[in-house]
Amino acid sequence: MIILNKFYVTTPIYYPSGRFHIGTAYTTILADSMKRYHMLKGEDCYMLTGTDEHGQKIEEKAKEQGKTPQEYVDKMAEDAKKLWKTMKIDYNDFIRTTEKRHEEVVQKIFDKFMEQGDIYKGEYEGWYCVPCESYFTETQLVEGKCPDCGREVKLMKEEAYFFNMKKYADKLLKYYEEHPDFIKPDFRKNEMINNFIKPGLEDLCVTRTSFDWGIKVLKDPKHVVYVWLDALTNYITALGYGSDDDNLFKKYWPADLQIVGKDIARFHLIYWPIFLMALDLPLPKTILVHNWVTMKDGKMSKSKGNVIYPEDLVEKYGLDSVRYFLLREMPTSQDAIFSPESFIERYNFDLCNDLSNLLNRTVSMVNKYFEGQVPKYNGTPNDVDKDLEEFTVKQIDLFDEKWNKYEIANSIQEIWTLISRTNKYIDETMPWALAKEEEKEKLSSVMYHLIENLRKIAILIKPFMSDTADNILRQIGITDEKLINFETLKPYDKLQNIKVIEKGEPIFMRLNAEEEVEYIKNLMKK
Ligand code: MSP
């Protein structure tokens with residue numbers, strides 16, 4: 001029996017406190033692309049996303065709109081699902097923290113922590129930031145304001161339950177040390193150690209009495225479970241942990257990859273592993289922390305009038321250009337900057353000039369010189385072909401290596417280096433001259449290699465530009481699933497009896513840069 005590798009990937013669950021912008025869409029696109037990559041490797045994949053629906057902020061938002069919190073979150077969760085459909089996010093489950101399957105298990109987990117002595121009752125006083133739903137100590141404040149969002153904080157005191165984090169600090173440090181792949185990129189680990197663990201881990205307040213919209217503590221119902229204990233456990237409750245049907249949990253836990261933005265790194269790299277240790281469960285294999293999509297003038301915000309919504313870009317420029325741009329522009333150690341100019345530039349140069357033209361030139365030449373029939377591979381490539389073959393295999397390896405190190409932008413860059421090299425191969429071999437000189441054999445080999453490289457390129461981009469990949473494959477006449485996976489990616493002798501379509505269709509058309517930059521600027525002001 002062949003046992004398939006499994007791959008469980010999660011996104012954070014989003015606060016349904018407003019419309020999702022391209023920044024929030026980024027995490028989900030990344031997770032979806034990761035899933036699709038592992039699917040092409042033939043693995044058994046499962047992706048989870050969802051919404052984080054409790055807390056004071058949601059309660060307040062609902063009130064503003066004259067709705068009950070439940071009515072409010074129901075509508076927001078529907079909107080989120082609609083957006084993910086537009087972005088073709090291939091998730092397997094969408095968890096909402098207001099679902100019974102989640103709430104019941106959170107209550108069980110809370111009780112278990114109480115019984116074990118991990119949770120104790122005390123009193124909390126601190127500086128509270130309402131939008132972030134976080135307390136801060138005096139020293140954590142930046143100029144007296146919230147260190148995360150820069151807004152006003154207020155001094156608050158309440159009876160509360162605490163989770164004894166200190167008890168697990170050494171165990172956590174040891175875990176970090178023994179599992180070098182646990183946190184990516186590496187520098188995030190040092191941030192956690194130096195900023196939070198070494199100075200002394202503070203116990204985490206895990207309940208509130210100041211609002212109602214949350215999961216009640218069964219044995220002390222004036223308390224509701226504070227959002228982070230509620231939210232983080234979604235990754236296991238969604239799989240049925242602690243319920244009668246925990247088959248998915250047995251199959252997929254521990255997660256292979258959990259993706260989070262830098263602002264919630266602390267919760268995922270410290271509290272989440274400690275909760276799992278307290279539950280005596282294995283920890284996720286890797287938690288990947290990414291940076292933010294920002295604008296030239298800093299963070300996206302409605303008041304600055306610089307917010308851009310994914311649906312608007314998708315409607316005008318198509319889904320894949322948006323997915324491509326976001327993944328391609330996000331460096332590993334810095335924030336990405338969205339600008340209308342860079343978006344249009346990437347569209348015109350990378351997608352239209354490089355990729356779309358390679359396809360068009362190739363399809364039209366195979367039609368012109370061979371009536372659409374892709375010549376057979378002759379098995380003995382000449383020097384120019386051999387050079388291309390070796391270059392291509394090297395690029396595939398580089399792509400794979402960087403992708404698996406989560407250097408996503410760099411790994412995509414390697415594909416574009418391959419696209420450029422393949423375009424250069426046309427200039428080097430000059431098929432039009434070969435046709436005149438009746439160098440039929442050489443010409444056949446050039447056409448074969450071009451189609452093969454387009455097949456390889458399509459497979460490489462398929463995880464993050466699935467529609468474009470399928471379109472390329474259709475145009476070059478490759479529909480056999482056996483030829484569309486990572487297993488058959490490298491060899492050059494795979495194509496037989498392939499016919500390209502009669503008339504090529506451009507996949508990306510050149511845009512008028514000035515007009516489109518203006519168009520996007522207006523979207524941002526809207
Ligand atoms: N509800 C919590 C997460 C709980 S997970 C158990 C939350 N929600 S959020 O909606 O505020 O943010 C969700 C994710 O979106 C986070 O990973 C956050 O970093 C990410 N992003 C929000 N704005 C972003 C950008 N501008 N750019 C990239 N990612 C951004 O936090």
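View 1. Within the largest nonpolar core, which has 105 residues, Trp-84, Leu-313, Phe-338, Trp-416 and Phe-464 touch the most other members; a nonpolar core here is a set of buried Ala, Val, Leu, Ile, Met, Phe, Trp, Tyr and Cys residues joined through side-chain atoms within 4.5 Å, and buried means under 20% relative accessible area, exposed over 50% and partly exposed in between, with a 1.4 Å probe and protein chains only. Helix α13 gives the most to this core, with 13 residues. Another core, of 63 residues, lies apart from it and includes Tyr-8, Phe-110, Ile-119 and Trp-253. This is a predicted model, in which local features need pLDDT of at least 70 and side-chain atom pairs count only at pLDDT 80 or more, whereas totals for chains, interfaces and linings use all residues. Residues are numbered from 1 along each chain as its sequence is written, and side-chain values use heavy atoms, with hydrogens and water left out.

**View 2. Surroundings of Phe-338.** Leaving aside neighbours within four places in sequence, Phe-338 is in contact with residues including Ile-22, Val-293, Ile-308, Leu-313, Phe-325, Phe-343, Ile-520 and Met-524, where contact means heavy atoms within 4.5 Å.

**View 3. Helix α11 and its cover.** In helix α11 (residues 310-317), the buried residues are Pro-310, Asp-312, Leu-313, Val-314 and Tyr-317; helices (H or I, at least four residues) and strands (E, at least two) are DSSP runs, numbered from the N terminus. The elements that cover these buried residues include α1 (22-40), α3 (69-86), α12 (319-329), β14 (336-338), α13 (340-370) and α19 (513-525). Gly-318, which follows α11, has a positive phi near 85°.

**View 4. The bent helix α10.** Helix α10 (residues 265-278) has 14 residues and spans 19 Å from its first C-alpha to its last, close to the 20 Å expected at 1.5 Å a residue, that expected span being 1.5 Å times one less than the number of residues. A bend of about 30° occurs at Tyr-271, with a proline, Pro-273, following within four residues; the bend is the angle between axes fitted to the seven residues ending at a residue and the seven starting there. Of the 14 residues of α10, 14 are buried, and just after the helix Asp-280 takes a positive phi of about 60°.

View 5. A search of the whole structure finds 0 disulfides, a disulfide being a pair of cysteine sulfur atoms within 2.5 Å. Cys-146 is in no disulfide, and the nearest cysteine sulfur, that of Cys-129, is 3.6 Å away.
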